[in-house]
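The sequence and the model are shown first, and the description follows.

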Amino acid sequence: MNILLVEDEPKVAAFIKKGLEEQQYNVTAAYDGHTGQNIASGQDFDVIILDLMLPGINGLELCKTLRDKKKDTPILMLTAMSTVNDKVRGLESGADDYLTKPFHFEELLARIKALTRRKSRAVPGQTLTIDDLEMDCYKRTVTRGGKEVILTVKEFALLELLLQNKNSVLSRTHIAEEVWGINFDRNTNLIDVYINYLRTKIDKDHPKKLVHTVIGMGYVIKD
Ligand code: CA
């Protein structure tokens with residue numbers, strides 16, 4: 001498992017790198033935004049751990065640049081700030097999860113495992129469909145009306161969960177636990193933000209909407 005770590009604080013970077021290497025991960029470290037961006041653009045990683053405040057290009061910009069280039073590597077954002085708005089801002093830039101500093105190493109490890117877990121579960125040929133939307137769980141591709149839809153890791157996980165439970169209403173808590181893990185901070189509007197991303201990508205250009213809000217209950221995918 002190859003991890004790119006972009007972190008400018010030497011002590012924090014060394015602590016993360018050492019800990020991950022002890023867990024048999026290969027860690028490439030970059031200490032500023034430009035270097036991080038160059039490495040991330042030229043090489044594929046299983047996870048990118050990205051500090052928010054960086055010299056050169058900051059974490060938000062770097063994340064957005066990678067997503068604009070259609071890089072769908074899971075990104076875990078590290079942030080010293082803990083307000084809801086900063087977290088959501090980080091996620092809006094395309095990060096899949098965030099962790100507020102200071103954190104325990106075990107927490108970082110749990111987040112990395114959660115981000116990489118879903119990739120290995122599917123078997124070849126496993127597809128989920130609804131109407132003209134098709135998800136290939138093994139190749140990790142999604143099409144609607146035959147046209148490819150590019151999703152980030154968390155958007156994919158969210159859509160996969162909805163499709164596995166199509167026609168059933170899923171509560172925000174259930175979605176949070178399944179897609180983000182049980183340590184999820186329920187005071188954020190993270191789920192709603194991600195549902196909106198999904199809608200923009202799969203429903204916006206189609207007259208027939210698939211993702212529906214059930215007021216007071218949650219979300220459902222149905223045709
Ligand atoms: Ca920093």
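The model is a predicted one, in which local features need pLDDT of at least 70 and side-chain atom pairs count only at pLDDT 80 or more, while totals for chains, interfaces and linings use all residues. Residues are numbered from 1 along each chain as its sequence is written, and side-chain values use heavy atoms, with hydrogens and water left out.

K208 is placed in the loop between α8 and β10 (211-214). Helices (H or I, at least four residues) and strands (E, at least two) are DSSP runs, numbered from the N terminus. Apart from neighbours within four places in sequence, K208 is in contact with D131, R144, D203 and D223, where contact means heavy atoms within 4.5 Å. Between K208 and D132 there are 76 residues of separation in sequence, and the C-alpha to C-alpha distance is 9.9 Å.

## The calcium site

Three residues coordinate the calcium ion: D8 (OD), D51 (OD) and M53 (O), at 2.0 to 2.3 Å. Donors are N, O and S atoms within 2.8 Å of the metal (3.2 Å for Na, K and Ca); water is not among the atoms, so sites may look incomplete. The spacing of the donor residues in sequence is D-x42-D-x1-M. Distant parts of the chain are linked here, since D8 lies in the loop between β1 (2-6) and α1 (10-22) and M53 in the loop between β3 (47-51) and α3 (59-68), 45 residues apart.

The accessibility of these two residues can also be stated. D8 counts as partly exposed because its relative accessibility is 27%, and M53 counts as exposed because its value is 56%.

Helix α8 covers residues 190-203, and its 14 residues should span 20 Å at 1.5 Å a residue; the end C-alpha atoms are 19 Å apart, which agrees. The expected span of a helix is 1.5 Å times one less than its number of residues. The buried residues of α8 are L190, I191, V193, Y194, I195, Y197, L198, I202 and D203.

Two helices that pack against α8 are described here. The axes of α7 (residues 172-180) and α8 come within 10 Å and cross at roughly 80°, so α7 is roughly perpendicular to α8. Axes are lines fitted to C-alpha atoms, for helices over the stretch in contact, and angles run from 0 to 180 degrees between N-to-C directions. Angles under 35 degrees count as roughly parallel, over 145 as roughly antiparallel, 65 to 115 as roughly perpendicular and the rest as oblique. R172, I175, A176 and W180 of α7 meet L190, I191, D192 and Y194 of α8. These contact residues comprise 6 nonpolar, no polar and 2 charged; Ala, Val, Leu, Ile, Met, Phe, Trp, Tyr, Cys and Pro count as nonpolar, Asp, Glu, Lys and Arg as charged, and the others, Gly among them, as polar.

Helix α6 packs with α8 at an angle of about 85°, with the axes 10 Å apart, so α6 is likewise roughly perpendicular to α8. On the α6 side the contact is made by K154, E155, L158, L159 and L162, and on the α8 side by Y194, I195, Y197, L198, K201 and I202. This contact divides into 8 nonpolar, no polar and 3 charged residues.

## Helix α5

The 13 residues of α5 (residues 105-117) should span 18 Å at 1.5 Å a residue, and the end C-alpha atoms are 18 Å apart, which agrees. Its buried residues are F105, L108, L109, R111, I112, A114, L115 and T116. The elements covering these buried residues include β1, α1, β3, β4 (75-79), β5 (97-100) and α6 (153-164).

## Loop residues

A cis peptide bond, with omega about -5°, joins K101 and P102. P102 is in the loop between β5 and α5.

K70, in the loop between α3 and β4, has a positive phi near 65° although K70 is not glycine. With a relative accessible area of 56%, K70 is exposed. D131 also has a positive phi, of about 50°, without being a glycine. D131 sits in the loop between β6 (127-130) and β7 (133-136) and is partly exposed at 38% relative accessibility.

Methods: Buried means under 20% relative accessible area, exposed over 50%, partly exposed in between (1.4 Å probe, protein chains only).
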